[in-house]
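Dear colleague,

I am passing on the structure we spoke about, with the sequence alongside it. Please have a look at it first, and then read the notes that follow.

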Amino acid sequence: MNWTEAHDVIFCKEYLQEELYKYKSKNQKSARLWKKVACTLNHMNSPEFQVIPKSLKNRLHSLMQKYNRKTKQNPKMENATEVEMLMSEIIEKRAYFNRQQNNSIENINQQLKKEYQDILKMLREQQEYLQTIILYQEQQNNFLLQLAS
């Protein structure tokens, strides 16, 4: 398919509308949404689309690379096209949700470490208690042996 500026604008808007930036690529919900976007675009008459989810992912990757190259050359992005403005929004939202996911993963890791430390502490306490019981039983056995002799 030959992509035009109009195709790119409509695709980027659909990507943002479906909030695909919220999901990792190897996710069932993400896969369903990519299929939905492809289906929506394929049912359009003007401009006409003939896409599958993989071609959309490839196009997004291509647009992101193009945008990143352009922003390195012109960081202020003066005279940005509509596609470039949409790509800026997509990249910002993807970065935001990646940070959110990383933060929640870090929080979960911290919580798991704390629970692990609590479990270790509890196990140490139980071990000390068992050692006390064993010592007490040994003392009782020694006392009984002394009484028997």
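Glu84 has a relative accessibility of 12%, and because buried means under 20%, Glu84 counts as buried. Please keep in mind that this is a predicted model, in which the chain averages a pLDDT of 91 and 100% of the residues score at least 70. Glu84 belongs to helix H4, which covers residues 82-148, and, once its neighbours within four places in sequence are left aside, Glu84 is in contact with Tyr67, Lys70, Met77 and Asn79.

Leu86 is also found in helix H4, and at 10% relative accessibility Leu86 counts as buried. Leaving aside the neighbours within four places in sequence, the contacts of Leu86 are with Val9, Cys12, Lys13 and Leu16. The C-alpha atoms of Leu86 and Asn98, which are 12 residues apart along the chain, are separated by 18 Å. When you read anything into helix H4, please note that H4 has the lowest mean pLDDT among the elements of the chain, at 89, whereas helix H1 (residues 5-17) has the highest, at 97.

**How H2 meets H3**

The axes of helix H2 (residues 28-42) and helix H3 (residues 53-73) come within 8 Å of each other and cross at roughly 95°. Since angles of 65 to 115 degrees count as roughly perpendicular, H2 is roughly perpendicular to H3. On the H2 side the contact is made by Trp34, Lys35, Val37, Ala38 and Leu41, and on the H3 side by Pro53, Leu56, Lys57 and Leu60.

**The chain as a whole**

The chain has four helices and zero strands, so that, read from the N terminus on, its elements run α-α-α-α. Its radius of gyration is 31 Å, well over the 15 Å that the globule rule gives for 149 residues, and the chain is therefore more spread out than a compact globule. Taken along the principal axes, the box that the C-alpha atoms fill is roughly 105 × 35 × 20 Å. Of the 149 residues of the chain, 23% count as buried, and among contacts between residues at least 6 apart in sequence, 59% join residues at least 24 apart.

With best wishes

Technical notes:
Residues numbered from 1 in each chain as written. Predicted model: local features only at pLDDT ≥ 70, side-chain atom pairs only at ≥ 80, totals over all residues. Heavy atoms only, no water. Helix = DSSP H or I, 4+ residues; strand = E, 2+ residues; numbered from the N terminus. Buried < 20%, exposed > 50% of the residue type's maximum accessible area, 1.4 Å probe, protein only. Contact = heavy atoms within 4.5 Å. pLDDT = per-residue confidence, 0-100. Axes fitted to C-alpha atoms, helices over the stretch in contact; angles between N-to-C directions. Parallel < 35°, antiparallel > 145°, perpendicular 65-115°, else oblique. Rg over C-alpha atoms; globule rule 2.2 N^0.38 Å.
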